[in-house]
Amino acid sequence: MTTKESTPVRAGAAAVPYGHAIVSEKWRGSELVQQLQGKIKLVFEENLGLVDFHLPNRICVLYISETDLVSGNGFKRRLVRFRNASNLHGIVITEKTRLSEQYFPPIQKFIVLELGMTLLPVASQSEASQLIIQLVREQSKEHESNPFLRKRRSHLMETSVLQTVQQIPGVGKVKALQLLQQFPNIYQLSNASIQQLELVVGRVLAQQIYTFLTQAK
């Protein structure tokens, strides 16, 4: 799928009604959209710029296909442009298949550690549709249950961050949880000093983590 991306993010995209998704016209008729229809309310619009789907609560979905991953780094420029041009919350859904799996670890490091965006891997457009439905419904439930409280981060997003931190050499699930308790997001973790990391995981592992994150910048 190709489209002109002269506008990074459509103006007014932050005000998507709960239970709805604004969909780029280029997705009309796709397997992904067919799976969404009847589950959530869809509004098709042209000229969404770099974004494929706008969801409630200032969430934007950018979709990276298997073809995008194996054909080069063009998608990286798209993600960087979005990150630099928008203060919306970007979620990257990426097709992780047998063909593209070998490209996934460096992409995961780039998207989550360097750009600070949420990465959700899927095996197909059908699986991606289920994630989008879940995200839309989670936002709607939180709004209906207590619209005055600050919205909690989606469980999907938290899982993505935890899995990414576990990719740091020497960091397993227990250490990753300890780090995220002290540094709740990738940005804070990436900017932590060796001394701050040492208080959580000890001197040796703190040095390994600091070196890894510094190289990622």
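Reader: What do the buried residues of α3 pack against in this model?

Author: They pack against β4 (59-64), α2 (66-70), β5 (89-95) and α4 (104-114), where a contact means heavy atoms within 4.5 Å. The model is predicted, and local features need pLDDT of at least 70, side-chain atom pairs count only at pLDDT 80 or more, and totals for chains, interfaces and linings use all residues. Residues are numbered from 1 along each chain as its sequence is written, and side-chain values use heavy atoms, with hydrogens and water left out.

Reader: Which residues of α3 are called buried, and why are they said to line one face?

Author: The buried residues of α3 are Phe75, Arg78, Leu79 and Phe82, the term meaning under 20% relative accessible area, with exposed over 50% and partly exposed in between, for a 1.4 Å probe and protein chains only. Viewed down the axis, these buried residues fall within an arc of 95°, so they line one face of α3; the arc is that of the directions from the helix axis to the C-beta atoms. On the other side of α3, Arg77 and Asn84 are exposed. As a general point, an α-helix has 3.6 residues a turn, so residues three or four places apart point the same way.

Reader: Which residues are buried in α7, and what puts them on the same side?

Author: In α7 (residues 173-182) the buried residues are Ala176, Leu179 and Leu180. Their arc around the axis is only 95°, which places them on the same side of α7, whereas Val174 and Gln181 are exposed on the other side.

Reader: Why are β2 and β6 said to stand at the edges of the sheet?

Author: The six strands form an open sheet in the order β2-β1-β3-β4-β5-β6, with mixed pairing, and two strands pair if DSSP finds at least two bridges between them. β2 and β6 (118-122) each have a single partner strand, so one side of each is left without a neighbour in the sheet. From one strand to the next, the twist averages 25°, with axes being lines fitted to C-alpha atoms, for helices over the stretch in contact, and angles running from 0 to 180 degrees between N-to-C directions.

Reader: Where do α3 and α4 lie on the strands?

Author: α3 lies across β4 and β5, at about 170° to β4, while α4 lies across β5 and β6, at about 150° to β6.

Reader: Why does Asp52 count as buried, and what does Asp52 touch?

Author: Asp52, in the loop between β2 and β3, has 1% relative accessibility and therefore counts as buried. Leaving out residues up to four places away in sequence, Asp52 touches several residues, including Lys26, Trp27 and Arg78. The C-alpha atoms of Asp52 and Lys26 are separated by 8.4 Å, although these residues are 26 apart along the chain.

Reader: Why is Ile40 called buried?

Author: Ile40 has 9% relative accessibility, and therefore counts as buried. Ile40 is found in the loop between α1 (31-36) and β2 (41-45), and touches Gly19, Ala21, Ile132, Ile133 and Val136, not counting residues up to four places away in sequence.

Note on methods:
Helices (H or I, at least four residues) and strands (E, at least two) are DSSP runs, numbered from the N terminus.
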